[in-house]
Every structure is written in C-alpha cells, then in structure tokens.
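Here are some notes to go with the model you are about to open.

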Amino acid sequence: MAEAAGTNGAGPGGAGLQGDAGSYRPGRRAVLRCGAAAGAGAVGSALVPAVVQRAVAGSRTGGRTVAVLGGGVGGLTAAHELAERGFEVSVYEQRRLGGKARSVSVPGTGSGGRRDLPGELGHRAVFGFYHHLFDTLRRIPLPAGAGSALDNLVEVPEWRLSRAGGHEDVTLPFSLEARRLDVDLLQRLLLGAADQFLRLPPGERLALARRLTVLLTSSHERSLGQWEHTPWTDFLSVRDNSREFSTVWGRAPALLGALKPELASTRTCGQAMESVLLSLMRRGTGAPPVQIFDAPTSQAWFDPWERHLRTLGVRFAMAHTVDALELRGGVVTAARARTPTGTARIEADWFVVALPTERARLLWDEPVRRADPRLAAMDLLQTNWCQGVQFFLRRPTPLARGHILHPDAPWALASVSQAQFWREDFARTWGDGQVHDRLSVDINDWDEPGPLHGKPARRCTRREIAQEVWAQLKASLEDTGREALPHGILHSWYLSPAVAGDDDAVGRGDAELVNTEPYLRNDAGSWAHRPDATTAIGNMFLAAEYVRTYSNVDFACMETACEAARRAANAVLEAARSGAEPAQLFPGYRPPELEAARRLDAARYRLGLPHLLDARPPARQAV
C-alpha cells in the first residue's frame with residue numbers, strides 16, 4: 001500500500017475535515033452479525049468539487065450520453081454515479097467486469113454440479129481507512145431485499161508477520177473480542193513481540209521511532225515538496241542499518257502493495273502507514289481495520305453491481321478492446337474498439353476513460369497529446385508486477401485468521417486462507433469435492449532470485465513459480481517446527497491468468513513471462529506525471545489508478561479507483577451543466593492531536609528548514 005498528496009484531505013474540491021468522515025456504516029446483516037451498529041453514524045461533510053475551469057471550442061453542453069471505456073472499479077463507479085443522475089451510460093470492457101479486482105475461475109475443474117474452482121487476482125483486503133468504497137457498496141442492493149453488497153464483508157480478526165530462521169511469528173489481533181485470549185495465544189503474542197523488538201539494535205529502534213514520528217507530523221507542504229521526491233529506503237537510511245531492519249521495514253512497501261522500496265515515494269508510504277495506524281485505532285470511518293468478502297469478489301460484489309446498474313439503464317458492451325480516439329475541434333467525436341467480429345465505432349456526448357495506465361496511454365496519440373500536453377507526462381509513469389498463485393488444499397487449513405506477511409521470503413509474499421471467511425461450504429460448492437480450502441498468495445517481488453531455482457519469478461515457468469512459492473511459504477511457516485503445510489495436502493494450484501508467456505521458451509531461458517495487468521507504481525516524483533480527472537479535452541475525463549486523488553490514499557487500489565471515478569463523474573456533471581447533486585467525496589481523516597505539530601512544520605518548510613526531528617535540510621521541490 002502507499003498513499004498520496006491529499007495527505008490531509010486537501011486538494012481540488014475542498015479542504016481538510018477535522019472529524020470522522022463517517023463513510024462507513026455497516027449494512028443490515030452486518031449489524032445483526034455484530035449485535036449492534038459499529039459505524040460512525042451519519043455521513044459527514046462531503047467535498048464539493050471545484051467548478052471545471054475550461055472553455056474548449058466545440059464542447060457539447062447538455063448532452064446525456066456517456067461512453068465509459070473500461071469496466072473495472074473506476075468505470076463501474078463512474079457509470080453508477082452518472083446513471084443515478086439520469087445520464088444514458090454505456091460501458092465498454094475487454095474482459096470481465098471488475099478489472100484487476102474481479103474473480104477468475106480455473107477452467108474445467110468443476111464436477112458433480114459444482115462450479116469451477118475460484119481464484120482472485122489478489123486477496124482483496126478491504127481496509128478500514130477506505131471511505132468512497134464503503135459508500136458505493138452500501139448503494140448496491142442484493143437480490144430479494146437481502147441488504148447491500150456492504151453486508152457481504154466480514155471482519156478479519158488478525159494479521160500475522162511470519163518470519164523465517166526459527167524466530168517466533170508476530171500475530172496482531174485487531175480485536176481481542178473476536179479471538180479468545182487464552183494462555184497459548186497470550187504466550188505467542190508476547191514471545192513474538194519480544195523477539196521482533198529485540199532483533200533490532202537499540203539505536204535502530206530509536207532511529208525508526210524518530211523517522212516514523214517525522215512522517216506522522218510532517219505538513220502537507222513537506223509531504224509534497226520533500227517526501228514525495230524521497231525514496232523510501234533513502235528516508236529510512238536502510239543501507240546504514242542492519243539486515244533485520246532492511247528486511248522488515250525496508251521491504252514493507254513491497255509486502256503491502258505494488259511498490260519497489262528503493263524507488264517508492266516516501267509520501268505515499270507515509271500516508272499508507274498513517275492510514276493503517278488510524279484504522280487500527282478505529283479512527284476515521286469506524287470500520288473494522290480489515291475486511292474481506294464472504295464469497296469470491298465477483299459473486300459478492302460485481303455480479304449484484306452489474307444487475308443494479310442494468311436496472312439504472314446502463315448498457316454493457318463486452319469483448320470491446322478500445323484502441324483509438326477520434327478528435328475534432330478539441331473534443332472526442334468517437335472511440336474505436338476491436339471486437340471478436342471486427343471493429344466498432346463508439347459515439348457519445350461524454351467519454352470517461354477508465355482504462356489502466358498501460359492501456360490508457362496507448363490512446364494518447366499525437367492529436368490527443370496536442371489537445372492536452374499533460375497527458376504526455378504519463379509516459380514517465382512506471383508499473384509493477386503484483387500477481388498471485390492459488391493453492392487448493394485437501395482439507396481446511398486456516399493458517400491464520402487473516403492475512404500473513406512473509407518478509408523473509410525472497411519474493412515478498414503475502415497470503416490468506418480464504419475459505420474460512422466464505423459463507424458457502426467450499427467442497428460442496430466448487431471443484432471435484434476434494435478441495436476444502438484455498439490459500440491465496442500474492443507475489444510482490446518478481447525480480448529477486450528464489451532459493452529453489454535461483455531465478456526471479458518472471459524468468460520461471462509457471463510450475464517453477466508454484467514450486468518456489470510453496471517452498472518459500474514452508475520456510476516461513478514451518479521454521480519453528482510446527483507443520484503448517486503437510487505432505488499430501490496440496491490438491492492443485494493456479495497462477496493468475498494475467499501472467500502470460502510460453503513456458504517452453506521460458507524454461508529454455510529464451511524468454512520471460514509477461515504481465516498483462518500490471519499496477520501503477522508510486523515512485524518518488526511520480527505525482528508530477530499524473531493527471532487529474534479533468535482534461536483539456538472538453539468532453540473527456542479520466543477515472544483510473546493513475547488519476548490524482550486527494551483523500552487519504554493514492555496508491556493503486558479499489559478506494560482510489562472509486563474516488564477518481566467520482567471526480568470524473570462530477571466533472572461530467574459540471575461540463576454538462578447538470579443541476580444534479582455531485583457525487584460525494586470524502587476527505588481523509590486528520591487526527592486533531594497532530595495539527596499543531598503539522599502547522600509548525602509547515603512554517604519551518606516555508607523557511608527552508610528541516611523537520612524539527614530531522615537533521616537533514618530539505619531539497620526544496622515545487623509543490
């Protein structure tokens with residue numbers, strides 16, 4: 001994970017908010033499960049978007065047709081907001097609705113009336129610091145009045161840091177009410193915490209606390225002007241510290257998101273760290289720190305979302321690969337798409353481009369770049385691999401009651417045993433009846449050689465990747481003598497279909513695998529290369545991971561896609577001179593206790609002085 005420049009909720013569209021944003025309210029079934037409502041109450045103040053400042057010749061006003069190019073979280077959110085406000089919306093999607101958040105199935109694995117084995121492109125953690133996503137989920141009704149898609153989320157009781165080398169794991173319980181504190185658990189909690197604490201030399205413990213305090217009390221100006229341009233490992237001086245320090249703290253961005261620690265923006269990482277910390281304290285939204293869907297993501301979220309959007313009049317055109325835009329008079333007159341039967345010309349009054357980074361910038365041909373030169377800066381944005389492998393197990397194997405981070409694994413693995421959270425019996429619902437659990441593992445580092453085959457993941461065959469990940473999991477989970485993945489438990493495995501390539505050529509060393517669905521990488525300085533949701537092209541707007549967002553996060557995730565899409569929808573409303581209420585925007589939560597320290601730091605930054613706890617003077621950058 002990583003975060004963004006709207007550190008304090010400021011940015012185009014509004015100023016910061018001092019209290020809880022209140023975007024999370026548990027749905028009806030969640031209230032019944034918990035016994036009482038745990039939400040933050042009524043929705044708090046929304047940010048009203050600024051008036052779109054443009055006067056492009058030939059721009060149409062009052063038009064009601066919208067073409068949304070891309071059916072991921074951003075595209076569906078934009079369609080939802082605009083359809084609710086009376087626009088005629090069509091969504092054009094290449095694959096299946098949901099984009100990188102969708103579920104996948106393992107072809108040909110279902111028998112006896114059961115469905116094919118389910119898979120995900122990631123393990124779909126829904127964090128408590130999300131705001132826009134909760135609001136969207138609450139507005140997606142389930143069939144037969146069974147509540148909303150928000151009700152399909154269940155709380156994850158804990159996270160675990162699983163270390164290799166014979167050291168005790170650390171379990172972080174999010175709620176001791178959800179996990180009975182017996183003597184064994186208490187002993188493991190204390191042993192793990194003490195082991196991790198004592199492995200860092202005393203000087204490094206103090207230095208780490210000081211650096212993290214600097215981040216938490218830095219002003220918005222310093223975050224954008226200094227930390228945005230500072231790589232994470234430079235900020236922590238990883239090269240000057242121990243291997244233990246580097247393994248856990250230096251690699252943290254790789255474990256939590258599609259980031260390279262040696263390149264990642266410290267601003268982004270700092271916002272992620274602050275958001276996680278506040279979420280653990282139930283500050284901001286009142287939501288549980290981590291939740292997960294109680295079924296495959298498409299079943300729990302995208303299928304009911306599609307049904308609801310259709311009731312709002314949204315039209316879906318699948319198997320459409322958009323590959324060009326037509327411009328005339330400073331506006332988009334049409335988009336062109338490849339289809340299984342030929343080509344299609346897409347006409348509309350307004351266009352919302354909700355394609356990911358690598359596909360969107362293919363649309364920016366010379367006429368588009370002349371119309372909006374800022375889009376050319378997207379060529380400087382980098383993407384990263386973050387794909388997963390699913391292991392299907394012959395018996396229930398809840399390795400932890402939540403996600404597990406494996407910092408010592410060369411490939412920076414993160415895993416979760418998902419069947420324990422799903423409402424349907426796994427063996428009766430999916431596969432051949434022999435599979436009782438599914439271990440989902442994200443591979444976050446595809447460039448580090450693995451110990452089993454001595455090659456980075458991108459240079460391994462699919463089978464070698466599965467073997468390597470299994471070996472790295474066992475090294476992490478079984479290093480203290482407890483058997484976690486016994487012989488014979490593995491039924492089968494499935495690598496994300498986003499990983500493409502010729503296994504024979506890869507095995508010979510003649511080629512590498514290809515990632516067809518990479519994630520935006522928040523490198524230091526990348527904020528300057530990212531556009532806003534509005535463009536200089538009068539009827540074209542952007543709703544995807546690369547769009548600047550101004551709440552509490554800006555790394556590639558479901559929340560930022562949802563916020564970017566709301567900003568795009570509001571820009572359409574403004575340009576179309578619609579009188580409809582804008583889509584609600586939620587600012588990030590600002591702890592009032594830190595405001596005085598941040599104001600002091602803002603004054604110091606304006607004077608060219610370092611943070612009060614930082615001896616290094618800032619290399620000033622334009623904010």
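1. A word on terms before the sheets: two strands pair if DSSP finds at least two bridges between them. Helices (H or I, at least four residues) and strands (E, at least two) are DSSP runs, numbered from the N terminus. With that in hand, take strand β12 (residues 331–339), which is joined to β13 by 5 bridges, the two running antiparallel.

2. Residues are numbered from 1 along each chain as its sequence is written, and side-chain values use heavy atoms, with hydrogens and water left out.

3. How confident is the predictor? pLDDT is its confidence in each residue, from 0 to 100. The mean pLDDT of the protein is 84, and 85% of its residues reach 70 or more. Over residues 1–21, however, the pLDDT is below 50; beyond near neighbours in sequence, that stretch has 96 contacts in the model (contact means heavy atoms within 4.5 Å). Residues 30–61 also stay under 50 in pLDDT, and the model has 78 contacts for them beyond four places in sequence. Where pLDDT is low, the predicted coordinates should not be read in detail.

4. Back to β12 and β13: they belong to an open sheet of 3 strands, ordered β11-β12-β13, with antiparallel pairing. At its edges are β11 (321–328) and β13 (342–346), each of which pairs on one side only. From one strand to the next the twist averages 25 degrees. For this and later angles, axes are lines fitted to C-alpha atoms, for helices over the stretch in contact, and angles run from 0 to 180 degrees between N-to-C directions.

5. The other sheet to view is open and parallel, with 5 strands in the order β10-β2-β1-β14-β24. Because β10 (315–318) and β24 (540–542) stand at the edges with a single partner strand each, one side of each is left without a neighbour in the sheet. Neighbouring strands here are turned by 20 degrees against each other on average, direction ignored. Within the sheet, β1 (residues 65–69) and β2 (residues 88–93) pair in the parallel sense over 5 bridges, and T65 has E88 as its bridge partner in β2. Helix α17 (residues 558–575) packs on this sheet, touching β14 (350–353) and β24, and its direction makes about 160 degrees with that of β24.

6. Which helix does α17 pack against at about 40 degrees? The partner is α2, with the axes 8 Å apart. Angles under 35 degrees count as roughly parallel, over 145 as roughly antiparallel, 65 to 115 as roughly perpendicular and the rest as oblique; α2 and α17 are therefore oblique to each other. Residues making the contact include V73, G74 and T77 of α2 and M558, A561 and C562 of α17. By class, the contact has 10 nonpolar, 2 polar and 2 charged residues (Ala, Val, Leu, Ile, Met, Phe, Trp, Tyr, Cys and Pro count as nonpolar, Asp, Glu, Lys and Arg as charged, and the others, Gly among them, as polar).

7. Helix α2 (residues 73–84) also packs with α11 (residues 297–311), at about 30 degrees and with the axes 11 Å apart. The two are therefore roughly parallel to each other. V73, L76, T77, A79 and H80 of α2 meet W301, F302, W305, H308 and L309 of α11. This contact has 7 nonpolar, 3 polar and no charged residues.

8. Finally, have a look at α5 (residues 202–216) and α10 (residues 266–280), whose axes come within 9 Å and cross at roughly 90 degrees. They are therefore roughly perpendicular to each other. L212, L215 and L216 of α5 make the contact with T266, G270, M273, E274 and L277 of α10. These residues divide into 5 nonpolar, 2 polar and 1 charged.

How values were computed. This is a predicted model: local features need pLDDT of at least 70, side-chain atom pairs count only at pLDDT 80 or more; totals for chains, interfaces and linings use all residues. pLDDT is the predictor's confidence in each residue, from 0 to 100.
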